[in-house]
Amino acid sequence: MKLNERQRDALSELINIAFARTGAALSELTGHRVLLEPPEVAVYRTAELRPALAKFVPGDVASIHQVFAGPIAGDALLLLNYAGAVQLTDLLTDGHQPSNFLDESAREVLTEVGNILLNACLGMFGNLLNVHVTFSVPRLHLETLDDLIESTTTEKTEMHYALVVYTAFQIRDSSVKGFLVIVLSVASLDRLIQEVDAWEAQQGR
Amino acid sequence: MGSAAGQMIGSMSETGSKETLLNAAVLHWMHDLAAQGIVTTDSELNIIEWNHWMEAHTGKRAPEVMGKNLLEVFPELRERRLDRNYKWALEGQVRVLSQALHGYLIAMSPVSGEHGYPQMQQAVRISPLSHDERIIGTLTIIEDVTERVAREAELQAQIEERSRLLSSEKLARSEAERANRLKDEFLATISHELRNPLNAILGWAHMMRLGKLTPANAERAVETIYRNAKSQAQLVADLLDVSRIISGKLRLDVRPVDLINIVNAAIDSIRPAVDAKGIRLQKLLDSAAGPISGDADRLQQIVWNLLTNAVKFTPKGGRIQVKVQRVDSHVEVVVSDSGVGISKEFLPYVFDRFRQADASTTRIHGGLGLGLSIVHQLVDLHGGSVSVQSEGEGKGATFTITLPFVGVISATPDAESDLVAKSDNVISLDGLPSLKGLKVLVVDDDADTRELIGEVLRECGSEVITSPSAAEALVALEQHKPDILISDLGMPDEDGYSLISQIRALPSERGGQIPAAALTAYARAEDRMRVLRSGFQFHLPKPVDSAELVTVVASLAGRAYESNHIEHKKNS
């Protein structure tokens, strides 16, 4: 399943609205101007996910993971490399000295940030599809990329796709790149793309 | 399952009532036993559940708050814009409120005041409660993380302290490495500078030993050896000066001095070099300039250093001007030359120790780069200042020394205050007091030094006995009954201090009162003090000046020093 250019543009535009909300929420929360770079969207089969992400997140990854259920269902993750995760919490919490590990409080901050971003995106999808989506409590994982992908795609017999959205948090002259990964069933992705097409057509009128 | 309650639950026939019982047990657990705050509301945010933990920590009993709107019971939730989280929860979102970004949700006193937080620090989850895909309320779980946050802060502080220590240690190490590198470079320079004159000395001495030199060449050899040894002695003197200045041990012997005399003496001593290079030296000495207050030797050293520097860097046929003038309440000594000049980049470092504009091994001009640094320090000690101007490379340089002018009231010229300008020229032994009839015991473990001192003293007519050690010296003392003792201080086994204390313990008829002078390379003030306290009458710094040696021996023997016999061979 591939996105055509118009679909990709429309999806990027929709996600960018969610990103703007996330940026505004984080700015208010931290007192610093937080921006998220415009998204770059791609669709991969879950089997292709590992090589696609390995390039950007070598080594250990920090992920904030929420399972969502309802008429569309799947896994939503915010992925950061470990150093990026440390840097992001330092930037958000005014850490006086750069730390080099994530303590419990830092993990909690990451969980909150991931939660805000995932809620914004999935909430936007829910509105678009006019469906009600429920979320699990977000969980933070620190593991290798392989283990992470394994944990999201096991026990799923149905063919799955991953919507991969690249972005970067820009805070106080620093930039921390990250990925939003939404793993969906073929049916869910189909439905999402249909609605994106409809939205795009509506915008075009 | 052994308990009666367990059996009772197990034997229940209706699944429904079992579930009801379990739900009731869970609710009971949540209400009475949970170690977190648990609050549930309906979809209007009216409080439905307020557990025991919440009662204990907020001081609000369940009956007080049940059925009331959460945002009305805690209006600060709206003020802090945290009410939005409940709105989002009612839309189906789970919200996480981290301690780091929020501190707390509902103000509560910390369990213990020891961590210094005015409020209990909280980690919060706010979730929607739904039934049949319909959201019917919210669930808030509050966890007390005060203790954890305090421990994390301690750990972070420790890590920061450790990294601070690590970086300051790194800094200290790189500072030490830099100092070490400078020292290495300096050692390389000093070895080079000491070896150059040594080559000449060794070379000519070797030829003399072969005995194949013509008388003319032999004279030249001696002249060369003498000149090079002098230059080495100057290097060592400079090094000692620097070490004294660094350790703050340099003392000035301040008296009223006539600057004009000092400048003239310094000019005289560099005259041969000036003539050899065909340099035109112009003197502009204002007689109204003197007298000033200072150390005559050190002032001459200052002027001499500036002059030798000017000669060194001025090419053949160049020009040097020396000016002494009174300007307001100070006296200026200006030495300018038409030499190689100083680049703008190097000007600020001219007075730094061990700095020369050309530090390469192939440089044209030798030296340790100490002269100007010594000038700077000595001028400082005199309460004056030194500055340098140069228009750039090839455009000459001008050094200006400013010294405070002191109106000196001196009715009768004090013999000591008269400047005795030491000339660099050979002092003939001919004019020195006769040591005839004196018996001198010379003690030194170094055979060459023993020989040299013996030879100088014999030249002046004294009888000389030499001993290589303190033990042999004590024997010689009893055997030969010498009139004077000259002893080295640093000797293996027993040093000069030990020797003199043993001698001074002897009765006078066995030589206990023999006048004695100590020889040492350590010319520091405290060494001199120690020498005099230990029983010597004089302190002779190495390398020994022949005239000084003879004068000291004569003085120890109570013979008058006939100063008018000093003949300045080249100066007269």
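Select A:L110 first. Leaving out residues up to four places away in sequence, A:L110 touches A:A62, A:I64, A:A85, A:L88, A:T89 and A:L140; two residues are in contact if their C-beta atoms, placed from the backbone, lie within 7 Å. This is a predicted model, in which local features need pLDDT of at least 70, side-chain atom pairs count only at pLDDT 80 or more, and totals for chains, interfaces and linings use all residues. Residues are numbered from 1 along each chain as its sequence is written, and chains are lettered from A and ligands numbered from 1 in the order in which they are written.

Together with A:L110, they touch the most other members of the largest nonpolar core, which has 66 residues. Such a core is a set of buried Ala, Val, Leu, Ile, Met, Phe, Trp, Tyr and Cys residues joined through C-beta atoms within 7 Å, where buried means that 20 or more other C-beta atoms lie within 10 Å of a residue's own. Its largest share, 12 residues, comes from α4(A); helices are DSSP runs of H or I with at least four residues, strands are runs of E with at least two, and both are numbered from the N terminus. A second, separate core has 40 residues, among them B:I270, B:V303, B:V379 and B:F399.

Next, colour the two chains separately. Here 21 residues of chain A are in contact with 20 residues of chain B. On the chain A side, α1 (5-30), α4 (104-129) and β5 (134-135) each give two or more residues. Helix α4(A) supplies the largest share, 9 residues.

Move to chain B and select residues 122-131 and 134-144. These are β4 and β5, which pair in the antiparallel sense over 10 bridges; strands pair if DSSP finds at least two bridges between them. B:H131 stands opposite B:R134 in β5(B). Which strand order does the open sheet of chain B have? The 5 strands run β2-β1-β5-β4-β3, with antiparallel pairing. At the edges are β2 (47-50) and β3 (95-97) of chain B, each pairing on one side only.

Finish with α14 (447-459) and α18 (546-556) of chain B. Their axes, lines fitted to C-alpha atoms over the stretch in contact, come within 10 Å and cross at roughly 65°, an angle taken between N-to-C directions on a scale from 0 to 180 degrees. To see the contact, show B:I453, B:V456 and B:L457 of α14(B) with B:S546, B:L549, B:V550 and B:V553 of α18(B).

Definitions and conventions
Buried ≥ 20, exposed ≤ 12 C-beta atoms within 10 Å, placed from the backbone.
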